[in-house]
Amino acid sequence: MKNKLKHIWLSALFLLVASACWAQTPTRTLNVAGLADSVTVRRDERGIPYIEAKTEADLYFAQGYVTASDRLWQMDLLRRVARGETAEIFGKVTLEEDKRWRKFNFAGVAVENVKNLQPATRSILENYTRGVNAYLATLDDQTLPVEFRILQYKPREWKMEDSLVVSKIFDDGLSNTWRMDLMKASLMDLPKEKLARVLDPQSPLDVLLVGKDSEKSKSQTANLGVETQDSELSPQFEIALAKAEEVRKSSLSRIGFYAEDLAASNNWVISGKRTIDGKPLLANDPHLPPTQPPIWYLVNLSAPNLKVAGVSTAGLPGVIIGHNENIAWGMTNVGPDVQDMYLETFDAGGKVKTPKGYESPTIRREEIKVRKNALAPDTTTEILEVVNTRHGVVFFEDAGKKYSLKWTAFDAKNDSLTMVSLLAKAKNWTDFRGALKSWGGAMQNFVYADTQGNIGWTAAGRVPIRKTGDGSLPYDGAADAGDWTGFVPFEELPSLYNPPENFIMTANQRTVGQSYKYQNVIARAHTVARAKRLQDLLNSKPKVSIDDVRDFQFDTFSVINSRFAKEVVNQKGASDETLKLLTDWDGRMNHESKAALVADAMRSAFRTKILAGTFGAERAKTVFLPYDGAFFDRLIAEKPSEWLPKDFASYADLLKTCETEAKEFIVKQIGADETKWTWGSRAKVNFPHPLAVAPLIGLQFQIAPRPQNGSGGAGATPNVGASVSMRFIATPGDWDATRHVIPTGESGDPQSPHWKDQLESWYSGNTPVFPFTKAAIEKAARETVLLIPRK
């Protein structure tokens, strides 16, 4: 008995000493020029930095320093993309992308933007910039990130406008309605009944938050906008439009910012009345394409009167999505109409017609450096002349017709940083709304939860009001009908606070009904499938836990593909083998599922056949519809005769042909061996690095692909697979239970242990805890660095 007690005592002593030693994580000091006082940087097992400073100036300085130490080449690439300077390092392969960005002139807008910043915001940006440059000053040819050494160039000094130009990438990735305006113009030659169905935004899957829909009108053609003085388009119009989108996609995908159809993200908040522990829950998972390094960077920032944690983006100060000590917030894209196109009239001398007569446009000369070859940094110079009318840049041309683009992102008074700093200190709903009022970036659905148990939602952003129409068709540039007369007042933007349902959910759906005053301009680009599924999941349990929310984020049930499969079965629109396969399918897009593969391929074939029947085979390759997913979901359910291609006697016959073509498509992609026909054989999770394709030297940047669970696009599931750019779950009042993960890792260095150490957690859906209180942070710390001012 005595020996047993001695053994227990020694074991307890060992554990006590071991835990004490573990708590005393290795500390090293680093002398840094530019600091006013010491700053403590702790890192946990994932390499996440927890930065603690005595002043906000030193805090944001340290954030710039630390972020640059992890993601410097990514920061440089992002600013190069937005400035149109990638051809200088990649060569002609990205020249057209650079030309596109140069037309936007975001570099020039950012310079003016800096001048318009509020003093407090400017101070944050100045200190962050100083921190980045302090880290840059420590590097030499041997210590530069490997990408700089491979491409044989050195980063230039970071400027405040570089951070602002990086923020413009979000505007481009989340705003693309100008393309919808032009495509809508190309659809105007459809018969009236077909046009009305195409332009009908309503769906039985809609999840509205504000307003209601009246009884579906018999014709949607009364709300078509304002046509140009010459709406006839060339036969090559849609091809030119598709090429323009390919350039955009190529550029944004390289850096992880291409949001297909602007459909990017889920978020929701649940009142404590609906949770097991009585505390509210907030969840957010933005959907953007995978890239390496990922677009998000986890960070915890602490100073007197400021404590905030969540994700930022390399090059931007503060926390974009996350929580402080009082509130949590998340974001999804709204997709309003903030871009208008104007068909301009030029005379033989190059002057443009206006309501006051012909005037000279502004000509801007851009010099683009283009690398001659990949093995040397020598460049040539390409000259681009950019024409600007009173509306904006001449951005698109079709058969001699020139269209200019007006966009809120071109306004140098728009500010996307002040809100971030205000949210970091917000204590309640009033503070939260006050912060959102300053938001000048792409319009977002901001969800909210606080430690007092309140939940809320506001769709915030600047949405223009036109003199005439809703901007959904190109305007005549020579007239004033398309002039912007103001913006939707913040107080009139859709919002909810503690609704009776006790939860609020957004997933890029149409959140406002027809009775909402500004629904035409706010409900422009949206999807339906994920919102409906998440609503069903949230309604399926009277009380939910944080684990339930985690499972909801990882859910792979496809509403659209499931409904399509049921219609195939009901109509007997396939072989007996396929009918049994679809009958037995649970609707989940899991990587091992054969039915998921077949259903998705058949639905895709159905879409192609319907479009070809109306527009012809060639035009079907480039045409897209405003509400694509909802339209085809309604079509297969309602089976209108006017949309059935003339080659088929019934929709059942059409579906049987779709089955044949779907299987032919699968054979081409995967092979004839049906034992290998799984969703994961077609859908892969990849994390491409821009240099991964380089022979031999690119191998270090490659991450092996994995079979994907979930799907994106029209048949999207809540878990969209590879495009889940991060997962965040917060329970206000228990901040140390917060869960947060990014797809791969914090570091941009392929030799770092934090290059991809979060991949397993992200892939499995087992989102790790992200500690917040000082005690929890100190317990989680694996390394501590003390930054000391260099005298």
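R588 is partly exposed, because its relative accessible area is 28%, and partly exposed lies between buried (under 20%) and exposed (over 50%), taken with a 1.4 Å probe on protein chains only. R588 and D555 form a salt bridge, with the closest N and O atoms 3.1 Å apart. A salt bridge here is a side-chain nitrogen of Lys or Arg within 4 Å of a carboxyl oxygen of Asp or Glu. The pair links distant parts of the chain, 33 residues apart. R588 sits in the loop between helix 18 (576-584) and helix 19 (594-615). D555 sits in the loop between helix 16 (546-553) and helix 17 (559-570). Helices (H or I, at least four residues) and strands (E, at least two) are DSSP runs, numbered from the N terminus.

The model is predicted: local features need pLDDT of at least 70, side-chain atom pairs count only at pLDDT 80 or more, and totals for chains, interfaces and linings use all residues. Residues are numbered from 1 along each chain as its sequence is written, and side-chain values use heavy atoms, with hydrogens and water left out.

Three of them are set out below.

| R510 and D206 | 2.6 Å | 304 residues |

R510 and D206 are both buried. R510 lies in the loop between strand 23 and helix 14 (519-522). D206 lies in the loop between helix 10 (192-198) and helix 11 (237-254). E661 counts as partly exposed, because its relative accessibility is 29%. K609 is partly exposed too, with a relative accessible area of 22%. Salt bridges with shared partners also join D76, R79, R80, R83, E88 and D162 into one network.

Five strands make an open sheet in the order 23-4-5-26-27, with antiparallel pairing. Two strands pair if DSSP finds at least two bridges between them. Strand 23 (503-506) and strand 27 (739-741) are the edges, each pairing on one side only. Neighbouring strands are turned by 5 degrees against each other on average, direction ignored. Axes are lines fitted to C-alpha atoms, for helices over the stretch in contact, and angles run from 0 to 180 degrees between N-to-C directions.

Strand 4 (residues 266-270) is joined to strand 23 by four bridges. I270 stands opposite F503 in strand 23. Helix 15 (residues 529-539) packs on the sheet and touches strand 4 and strand 23. Contact means heavy atoms within 4.5 Å. The direction of helix 15 makes about 160 degrees with that of strand 23.

A cavity is a set of points on a 1 Å grid over the protein atoms alone where a 1.4 Å probe fits but cannot get out. Grid points are joined across faces, edges and corners, and a volume is the space filled by probe spheres set on the points. The structure holds 10 cavities of 30 Å³ or more. The largest cavity has about 310 Å³ of space. Its lining counts 24 residues, and F170, L174, I320, M331 and W439 are the closest to its centre. Helix 8 (160-174) and strand 9 (327-333) each give two or more residues to this lining. Helix 8 gives the most, with four residues.

Technical notes. 1 Å grid on protein atoms, 1.4 Å probe; cavity = no way out; pocket = protein on both sides within 12 Å on 5 of 7 lines; lining within 4 Å.
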